[in-house]
Amino acid sequence: MTLRTYSFWALTPAIGGPVASNWQSFKTGQIYTTERHCVARADILAFAEEFDPQPYHLDESAAQASIFGGLCASGWQICALTTRLLIARIKREGIPAARWLKLANLHWNQPVFVDDTLHLRFIIAPPADVSPPCLIAACDFTGYNQDGIKIMRGSGQLIIDTHASTHLGDADD
């Protein structure tokens, strides 16, 4: 089995071109909502084949007979998608770069099935540690499907770049 390494920048593409630092105008404590993302069957199968080969992520018949009752996405796939949606939303606010320092209290409340459309609501607390060119801030998030049903929740700490020229590094660094 060959494991791939991924660049942070490849997994978190820039939204709308170059971004300027805008941390001072970012409203901590405000609830933000992300874009919506539809989870396709092909994406569920591809992720499961490479990273989480459980029968209920790979085989429709096995999934029907499982406790989930249908083909569903890996919780780790949903966690990765959560990161992408959250970081993209932060970038739309003019924050040049952010990544997780720590994730805690992850809870998967409901399975995510083929063609479910997900979005997040999140709050970023005022930063606890400001050490230019980065700061560390707590973030609480909740994911919902197209029917408004809570599918996951969690919290963590984000490292947020306060200068657009700072590069956080690649997975290989």
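This is a predicted model: local features need pLDDT of at least 70, side-chain atom pairs count only at pLDDT 80 or more; totals for chains, interfaces and linings use all residues.
1. A word on contact to begin with: two residues are in contact when heavy atoms of theirs lie within 4.5 Å. With that in hand, take L86, a residue of helix α5. Leaving aside neighbours within four places in sequence, L86 is in contact with T34, W100, L120, F122, C139, F141 and L158. Helices here are DSSP runs of H or I with at least four residues, strands are runs of E with at least two, and both are numbered from the N terminus.

2. Residues are numbered from 1 along each chain as its sequence is written, and side-chain values use heavy atoms, with hydrogens and water left out.

3. Now the overall layout. The chain has 5 helices and 7 strands, and along the sequence they follow the pattern α-β-β-α-α-α-α-β-β-β-β-β. Of the contacts between residues at least 6 apart in sequence, 73% join residues at least 24 apart.

4. Next, the surface. The accessible surface comes to about 9300 Å², and carbon and sulfur atoms account for 53% of that; the areas come from the Shrake-Rupley method with a 1.4 Å probe, and for residues only the protein chains shown count as cover. Of the 173 residues in the chain, 38% are buried. Buried means under 20% relative accessible area, exposed means over 50%, and partly exposed is in between (1.4 Å probe, protein chains only).

5. Let us go inside. In soluble globular proteins, nonpolar side chains tend to be buried together. A nonpolar core is a set of buried Ala, Val, Leu, Ile, Met, Phe, Trp, Tyr and Cys residues joined through side-chain atoms within 4.5 Å. The largest such core here has 28 residues, and L86, I90, F122 and L158 have the most contacts inside it. At least two core residues come from each of α5 (75-92), β3 (97-108), β4 (117-124), β6 (134-144) and β7 (150-161). Helix α5 gives the largest share, 6 residues.

6. L86 is buried, with a relative accessible area of 0%, and its C-alpha atom is separated by 9.4 Å from that of A98, 12 residues apart along the chain. L158, not counting residues up to four places away in sequence, touches L86, I87, I90, R99, W100, L101, I124, L135, I136, A137 and C139.

7. What about empty space? Rolling a probe the size of a water molecule over the atoms shows where empty space is left. On a 1 Å grid over the protein atoms alone, a cavity is a set of points where a 1.4 Å probe fits but cannot get out; a pocket is an open set with protein on both sides within 12 Å along at least five of seven lines; lining residues have an atom within 4 Å of a point. Grid points are joined across faces, edges and corners, and a volume is the space filled by probe spheres set on the points.

8. The structure holds 1 cavity of 30 Å³ or more, and the largest cavity has about 40 Å³ of space. Its lining consists of I78, L81, T82, L85, L118, H119, L120, G143, Y144 and I151. Helix α5 provides the largest share of this lining, 4 residues. The lining divides into 7 nonpolar, 3 polar and no charged residues, where Ala, Val, Leu, Ile, Met, Phe, Trp, Tyr, Cys and Pro count as nonpolar, Asp, Glu, Lys and Arg as charged, and the others, Gly among them, as polar.

9. The second largest pocket holds about 240 Å³ of space. It is lined by 17 residues, and F68, A73, S74, G75 and W108 lie nearest its centre. The elements giving two or more residues to this lining are α3 (55-58) and α5. By type, the lining has 10 nonpolar, 6 polar and 1 charged.

10. Finally, a few individual residues. Most residues other than glycine have a negative phi. N105, in strand β3, has a positive phi of about 55° although it is not a glycine, and N105 is exposed, with a relative accessible area of 52%. D115, in the loop between β3 and β4, also has a positive phi, near 70°. T142 lies in strand β6 and is buried, with a relative accessible area of 17%.
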